[in-house]
Amino acid sequence: MARSQTLPLHTKMLMPRAGINRAFALVYSCAILALLYHHFTGLLRSASMVSIFLLLADSVLAFMWATAQAFRMYPTYRQVFIEHLEHYAKEEDYPGLDVLICTSDPYKEPPMGAVNTALSVMAYDYPTEKLSVYVSDDGGSKLTLFAFMEAARFAAHWLPYCRKNNVVERCPEAHFGSPDPPRFTETDQIKMMYESMRERVENVVKSGSISHDYITNEEENEALGRWTDGFTPHNHPPVVQVLLENGKDKDVSGHGVPNLVYVSREKSRDSPHHFKAGALNALLRVSATMTNAPVILNLDSDMHSNDPQTPLRALCYLLDPSMDPKLSYVQFPQVFHGINKDDIYGAAMRHWFEVLMSGMDGLVGPIIAGSGGFFRRRVFYGCPSEAPEMDQDLRVSHSIKSRDVLAMAHNVAGCKYENQTEWGRNMGFRYGSLVEDLYTSCLLHSEGWKSVNCNPKRPAFLGKSPINLHDCLNQAMRWSVGLLEVAFSRYSPITFGVRSIGLLSGLCYASVTFWAIWAIPITIYAFLPQLALLNSASIFPKTSNPWFWVYVALFLGAYGQEYLEYVLSCGSTQRWWNYQRAWMMRVLSSFSFGLVEYLLKSIGLSSMGFNVTSKVVEEEQRKRYQQGIFEFGVASPIFLPITMAAIINLVAFLSGIAQVCFFRQGSIEGLLLQILLAGFGMVNCWPIYEAMVLRTDEGKMPLKVTLVSIVLAWALYLASSVAF
């Protein structure tokens with residue numbers, strides 16, 4: 001033990017940029033206060049709708065900037081030392097690990113993605129007898145169950161192959177699909193087996209039925225026989241199928257295999273199912289009845305393991321006696337593969353995971369990122385359990401295939417089980433928002449729990465992100481609605497959060513949950529100055545006025561800070577430019593629609609569901625994406641705001657240049673800021689102009705969207721001509 005005290009499991013260090021961030025925040029806040037003072041005094045002298053809109057825009061910008069600075073006060077860097085773990089615990093003393101994987105629609109989330117994720121974690125460098133994998137199929141599809149039956153058979157060959165050859169990339173798809181895959185004696189044979197499995201699964205999904213030739217035994221036939229004519233995705237009994245059991249099933253080398261369990265919770269049109277949070281809670285309960293491991297890893301179906309030693313990195317925190325006993329989870333960043341060279345949609349979310357998560361790590365800890373979190377099971381039990389099988393201290397000793405265990409598992413997977421219980425309120429993942437991850441972490445932190453951010457050089461997990469703009473924008477709209485549900489709930493970070501977890505942590509949560517209100521200032525600045533320019537009206541200070549330079553300094557300061565953060569966290573200038581452009585597109589479209597959707601939902605006129613983002617990609621679409629070409633293609637209303645902004649900014653910029661050069665010589669002093677703003681918007685909108693006019697491929701902007709946008713832009717101009 002004395003030696004273990006000299007060999008730390010991890011270190012924590014405040015990043016050097018903290019001091020610079022604090023100094024910058026002080027100076028920048030003075031400039032913001034000065035600008036707001038200028039607005040208020042201007043209103044007192046002469047109030048107008050334009051000045052009111054500008055005050056509103058700058059006030060919201062000031063609020064969002066202030067909340068975002070909380071991330072930058074205590075940026076923290078951590079490092080783990082796996083090699084020291086042996087001095088703290090022997091392998092046989094490692095805690096059990098239950099992996100919870102969520103999937104849904106087999107046509108939007110192809111089962112092979114979930115299969116690869118499951119196989120990658122089943123091959124962890126972790127004691128097999130302590131590892132269990134539970135798969136939630138919230139679509140209740142026998143196609144997904146069949147895919148995992150195939151995975152169970154393939155695992156008997158894949159796991160010893162990885163173990164014998166010390167394979168690092170243990171996701172079969174990634175291992176065999178890498179540009180220069182490692183070669184071993186059995187590689188060709190294992191690859192043929194994998195390709196054969198994939199072909200069978202894809203054929204089944206394509207046909208929608210399972211050939212009797214694919215069913216190998218009576219147990220499989222009985223399991224698949226549960227799908228009767230009355231069995232639908234929204235109305236069916238619970239299904240819990242043990243596909244592999246440790247201690248009984250062996251791989252081809254004679255070693256034991258991890259438990260693999262398929263779960264499809266009961267669904268009924270008469271009972272709320274609470275989307276992903278409900279699926280996770282069902283998995284929590286089912287796993288508690290079967291293995292009840294003290295550590296839980298949650299994963300999305302497309303987020304496969306990229307490092308077989310990831311659980312050991314988590315144990316460097318969970319087993320450290322010097323850690324805060326209130327440590328609830330260890331969060332790993334989400335890293336996405338398959339993103340094109342310049343990340344045209346800003347889908348890598350580098351700024352979030354590299355900058356903002358490390359900033360929260362210096363406070364109460366990072367939020368739950370939806371996937372890649374190692375939890376202590378006990379954090380989900382906020383009150384005494386209501387049934388013996390839910391006891392967090394229960395140690396399951398029976399076979400997970402025994403009649404009693406399966407009966408309990410089916411019981412807790414029932415849709416009526418949660419009635420009159422604390423599940424979703426004080427137990428498990430919390431209900432009340434589409435973003436169950438952030439909502440749950442906010443409440444856990446409010447209860448006093450802590451978390452840590454673990455960001456190793458080799459990504460722990462690799463996932464897939466949308467590669468067309470429509471899916472990106474719809475995903476962001478869904479997030480924005482869920483975030484607003486948290487922002488304006490009784491547990492709002494700006495009120496409840498600040499009181500319970502402290503000012504800075506509360507502001508961090510507020511910065512995220514109020515994301516959608518970015519739509520207010522960005523929409524104003526995307527249209528108001530440009531419409532004024534079209535009407536030859538100056539609304540900003542002249543270049544000779546000192547307030548002109550305050551505007552310039554605030555713009556360059558905010559952009560400069562984000563640029564430096566992005567580039568210093570291993571990004572490129574081109575990627576940063578694409579990131580900020582994609583962010584503005586999301587704000588104008590996704591956040592605007594999300595804000596309206598939330599307001600309609602609040603008054604009972606809308607009820608937004610959880611739409612799974614499709615992971616299916618056409619080959620032509622993939623080629624365009626890899627070439628850095630934006631994918632529109634769908635005549636969706638979500639494209640209207642950005643297309644209107646593109647049209648108005650282009651016409652306003654050309655009009656401003658014409659006014660200065662041909663009609664109103666000398667007016668550049670009063671119109672310069674508006675011309676620069678229109679020019680900045682126009683440059684950012686180049687992919688939209690290209691899609692509207694220059695392209696002929698299937699991914700171009702639909703003509704219907706272009707025509708409707710022109711009509712709406714013209715109507716907006718006519719309305720503005722009355723105001724100016």
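Seven bridges connect strand β3 (residues 97-103) with strand β4 (residues 131-137), and these two strands run parallel; helices (H or I, at least four residues) and strands (E, at least two) are DSSP runs, numbered from the N terminus. Within this pairing, Val99 has Val133 of β4 as its bridge partner. The model is a predicted one, in which local features need pLDDT of at least 70 and side-chain atom pairs count only at pLDDT 80 or more, whereas totals for chains, interfaces and linings use all residues. Residues are numbered from 1 along each chain as its sequence is written, and side-chain values use heavy atoms, with hydrogens and water left out.

Both strands belong to an open sheet of eight strands in the order β5-β6-β4-β3-β7-β11-β9-β12, with mixed pairing, where two strands pair if DSSP finds at least two bridges between them. Its edge strands, β5 (239-244) and β12 (450-453), each pair on one side only.

Six of the six residues of β5 are buried, that is, under 20% relative accessible area, against over 50% for exposed and in between for partly exposed (1.4 Å probe, protein chains only).

As for confidence, the mean pLDDT (the predictor's confidence in each residue, from 0 to 100) is 91 for the protein, with 95% of its residues reaching 70 or more. Over residues 383-390, however, the pLDDT is below 50. Where pLDDT is low, the predicted coordinates should not be read in detail.

Note on methods: Contact means heavy atoms within 4.5 Å.
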